[in-house]
Amino acid sequence: MKTLRNILILSLFTSGMFISCAEAKKGDEGQQNDQNKPSITHVDANAFESAIAGDENAVILDVRTPDEYADGHIKGAVNINYYDDDFAKQVASKLPKDKTVYVYCKAGGRSAKSCNILSKNGYTSLVDLKVGFDGWKDAGKAVNKE
């Protein structure tokens, strides 16, 4: 009887060890996947300006219409119209995925949606100007019309 009890205890102990090891390995894999998970940060005009200034590889994406862009934009911004049918394709062909992309629109709606599209297409570091270009101007930031 003692032998049967000892076998049962040993079996339970061994099973517990295998389950613990499997969970630990699963947890490690989850941490690796989190490192590749897209990061979208929503910031105000001051933080957006500071982030761009501190990033020598900054890629700035203006997702407004060409007419809105022509009325004024952030210096160095690439204009790709969110409303274009091939928006995601244009972004993929023009913007690198290994750089932080700073995204803005007029008021913050299109840029937030654009960040979601970009994150689903392999862009992992995104900064959204949550107040849009209107908030940028209201904060007294530089407007480029060239």
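At what angle do helix 4 and helix 5 pack, and how far apart are their axes? That was what I wanted to look up, keeping in mind that this is a predicted model.

**Entry 1: two helices meeting**

I took helix 4 as residues 87-94 and helix 5 as residues 109-120. They pack at an angle of about 65°, and their axes are 11 Å apart. I then looked at the handedness, and helix 4 passes helix 5 in a right-handed crossing. On the helix 4 side, the contact is made by Phe87, Ala88 and Val91. Helix 5 brings Ser114, Ile117 and Leu118 to it. I sorted the residues of this contact by type: 5 are nonpolar, 1 is polar and none is charged.

A reminder to myself about spacing: an α-helix has 3.6 residues a turn, so residues three or four places apart point the same way.

**Entry 2: more on helix 5**

Next I followed helix 5 from end to end. Helix 5 has 12 residues, and from its first C-alpha to its last it reaches 17 Å. That is close to the 16 Å expected at 1.5 Å a residue.

Which residues of helix 5 are buried? I noted Arg110, Ser111, Ser114, Cys115, Leu118 and Ser119. Ser114 and Leu118 were already in my list for the contact with helix 4. The buried residues of helix 5 have several partners, packing against strand 1 (39-43), strand 2, helix 3, helix 4, strand 4 (101-104) and strand 5 (125-129). After helix 5 comes Gly122, and its phi is positive, near 100°.

**Entry 3: Arg64**

I moved on to the loop between strand 2 (59-62) and helix 3 (66-70), where Arg64 is found. Is Arg64 buried or exposed? Arg64 counts as buried because its relative accessibility is 4%, and the cut-off for buried is under 20%. A polar atom of the Arg64 side chain lies 3.4 Å from the backbone oxygen of Glu68.

I also checked what touches Arg64, leaving aside neighbours within four places in sequence. Its contacts include Tyr69, His73, Asn81, Tyr104, Lys106 and Phe133. Arg110 of helix 5 is another one of them, and Arg110 is itself buried.

**Entry 4: stepping back**

Last, I looked at the whole protein chain. How many helices and strands does the chain have? I noted 6 helices and 5 strands, and along the sequence they follow the pattern α-β-α-β-α-β-α-β-α-β-α. Of the 146 residues, 32% count as buried. Among contacts between residues at least 6 apart in sequence, 70% join residues at least 24 apart.

Terms used:
Residues numbered from 1 in each chain as written. Predicted model: local features only at pLDDT ≥ 70, side-chain atom pairs only at ≥ 80, totals over all residues. Heavy atoms only, no water. Axes fitted to C-alpha atoms, helices over the stretch in contact; angles between N-to-C directions. Helix = DSSP H or I, 4+ residues; strand = E, 2+ residues; numbered from the N terminus. Left-handed = near helix turned anticlockwise from the far one by under 90°. Contact = heavy atoms within 4.5 Å. Nonpolar A, V, L, I, M, F, W, Y, C, P; charged D, E, K, R; others polar. Buried < 20%, exposed > 50% of the residue type's maximum accessible area, 1.4 Å probe, protein only. Polar contact = N/O pair within 3.5 Å; in protein donor to acceptor, adjacent residues only side chain to side chain. Expected span 1.5 Å × (residues − 1).
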